[in-house]
Amino acid sequence: MTHGWITAIGMMSGTSLDGVDAALIETDGIEVRRTGQSVFVPYAPELRERMRACFGNRSATNTEHVVADDLTQVHVDAVNMLMDKSAMSAADIGVIGFHGQTVFHEPASGLTRQIGTPHMLAEKTGIPVVADFRLADVAVGGEGAPLAPVYHAALIKSAGVELPVAVLNIGGVSNVTYIDGDDALLAFDCGPGNARIDDWMLRHTGNPVDLNGATAASGTGDPMVEVKFLEDPYFDRIPPKSLDREDMAARIDGLVVEAKLNVSDGAATLANCTVAAIVAGVNHLPTAPKGWFVCGGGRHNDYIMETLATRLGVPVQSVDVLDWDGDAVEAECFGFLAVRHLRDLPLSFPGTTGVPEPCCGGKLYPTKKAA
Ligand SMILES: Nc1ncnc2c1ncn2[C@@H]1O[C@H](COP(=O)(O)OP(=O)(O)OP(=O)(O)O)[C@@H](O)[C@H]1O
Ligand SMILES: CC(=O)N[C@H]1[C@@H]2OC[C@@H](O2)[C@@H](O)[C@@H]1O[C@H](C)C(=O)O
């Protein structure tokens, strides 16, 4: 098989609902020749709330269609911004990988829903779009997530680091990829990432973030809440396994309310739970990683990063030390996966989502001209 390099734009609208990350990547679907510029376009608060109202929708509603078109328009804007920033035009881009917004994820029922309007994105940008990345995986009994492991492994291959390592994404949910140099990858969602912290901060301060973990750092974690949190059966479940953003939410909120914590103690407690969930995941790895490389917005939370390093007892560093763009890894990943779709290469594996055999995925939405 001869592979040409394809320049792709990948886009992720993550579980934290903060906005759209878009990034350029040049790849043949196996190796990463280079990554390029990235942009972030935040959602307007009113759109964010309409998106949040779609969480839990097992099937599409009329209002959801409007939300899907509106969030797709933000993706169109992101593509245009990225092309302007990179002095590129649609003719320079081979494909867009469009994740959409997960509103419901229940792989045990064979259901995972990412909303967005891929044909609108293809028409408005004039670039073919690959979307629906998770559907084929859950259709054959997989978890549908995480899908980033094959991209994490491609990046680590040329990073020159001592193996085994863990690549950890701390987004709304956190997920880990264990890489020991063998082809067999192991990956799973660890637990809540920033989502519970964001919701707590929004409720108490009106701002959905604990900037750099400063509020947590000024508080004291409640150890009993953490102990009860770790009693959730999810942590003993053998991976692969995945979570919806709202999984565990009611239980954690209940524990924190019951403990009557103030804003800083609550932030510290929730950050400790995020860390404890990641540390609990080590029990499911074949050996302890020699180092952890962290991407996603949670790596900006100094309290989480420091607590994680203390509890893991090995170096925990931002992926930025490897010259990766830690805010763009997931977006780049969907560009990479779009190219893998075009090359008929699998996106998920028995060790990453529990599919019976390596599984291809995604669906191509050509531009009208190409159709
Ligand atoms: N400076 C910062 N300090 C603390 N937290 C931050 C900071 N910057 C971003 N975050 C957190 O990072 C999160 C966004 O990260 P990211 O974009 O990686 O998540 P996502 O892609 O939406 O989620 P997921 O990976 O679960 O799909 C927000 O929840 C935000 O609270
Ligand atoms: C169902 C879904 O959208 N899952 C996301 C979410 O956000 C982080 C974690 O949970 C991960 O499993 C996944 O996203 C990344 C990009 C993945 O598939 O690897």
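This is a predicted model: local features need pLDDT of at least 70, side-chain atom pairs count only at pLDDT 80 or more; totals for chains, interfaces and linings use all residues.
Biologist: Why is Pro366 partly exposed?

Modeller: Pro366 has 13 other C-beta atoms within 10 Å, so it is partly exposed. A buried residue would need 20 or more, and an exposed one has 12 or fewer.

Biologist: How far apart are Pro366 and Ala166 in space?

Modeller: Their C-alpha atoms are 36 Å apart, and 200 residues separate them in sequence.

Biologist: Ala166 is in S7. Are the faces of S7 covered or open?

Modeller: Both are covered. Val165, Val167 and Asn169 are buried on one side, as are Ala166, Leu168 and Ile170 on the other. Since six of the six residues of S7 are buried, the strand is largely enclosed by the rest of the structure.

Biologist: Which strands form the open sheet, and in what order?

Modeller: There are five, in the order S9-S8-S7-S10-S11, with mixed pairing. Ignoring direction, neighbouring strands are turned by 25° against each other on average.

Biologist: What packs on the sheet?

Modeller: Helix H11 (residues 302-312) does, touching S7, strand S10 (291-295) and S11. The direction of H11 makes about 150° with that of S11.

Biologist: Back to S7. In which sense do S7 and S8 pair?

Modeller: Antiparallel, over six bridges, between residues 165-170 of S7 and 173-179 of S8. The two strands form a hairpin with two residues between them. Asn169 stands opposite Asn175 in S8, and Val165 stands opposite Ile179.

Biologist: And how many bridges join S7 to S10?

Modeller: Five, and these two strands run parallel. Val165 has a bridge partner here as well, Gly291 in S10.

Biologist: Next, ligand 2. Which residues around it come nearest?

Modeller: Thr102, Ala145, Pro146, Ala148 and Val173, out of 17 residues around ligand 2. Strand S4 (95-106) and S8 each supply at least two residues of the shell.

Biologist: How do the residues of that shell around ligand 2 divide?

Modeller: Five are nonpolar, ten polar and two charged.

Biologist: What do S4 and S5 form?

Modeller: A hairpin with four residues between the strands. Gly110 in the turn has a positive phi of about 70°. S4 and S5 run antiparallel and are joined by five bridges; Glu106 stands opposite Leu111 in S5.

Biologist: Is strand S5 enclosed or open, and why?

Modeller: Four of the five residues of S5 (residues 111-115) are buried, so the strand is largely enclosed by the rest of the structure.

Biologist: Last topic, helices. At what angle do the axes of H6 and H10 cross?

Modeller: Roughly 170°, and the axes of H6 (residues 195-205) and H10 (residues 263-281) come within 9 Å. Angles over 145 degrees count as roughly antiparallel, and H6 and H10 are therefore roughly antiparallel to each other.

Biologist: Which residues make the contact?

Modeller: From H6, they are Arg196, Ile197, Trp200, Met201, His204 and Thr205. H10 contributes Val263, Gly266, Ala267, Leu270, Ala271 and Thr274. The residues of this contact divide into seven nonpolar, four polar and one charged.

Definitions and conventions: Residues are numbered from 1 along each chain as its sequence is written. Chains are lettered from A and ligands numbered from 1 in the order in which they are written. Axes are lines fitted to C-alpha atoms, for helices over the stretch in contact, and angles run from 0 to 180 degrees between N-to-C directions. Angles under 35 degrees count as roughly parallel, over 145 as roughly antiparallel, 65 to 115 as roughly perpendicular and the rest as oblique. Two residues are in contact if their C-beta atoms, placed from the backbone, lie within 7 Å. Ala, Val, Leu, Ile, Met, Phe, Trp, Tyr, Cys and Pro count as nonpolar, Asp, Glu, Lys and Arg as charged, and the others, Gly among them, as polar. Two strands pair if DSSP finds at least two bridges between them. A residue is near a molecule or strand if its C-beta atom, placed from the backbone, lies within 6 Å of it.
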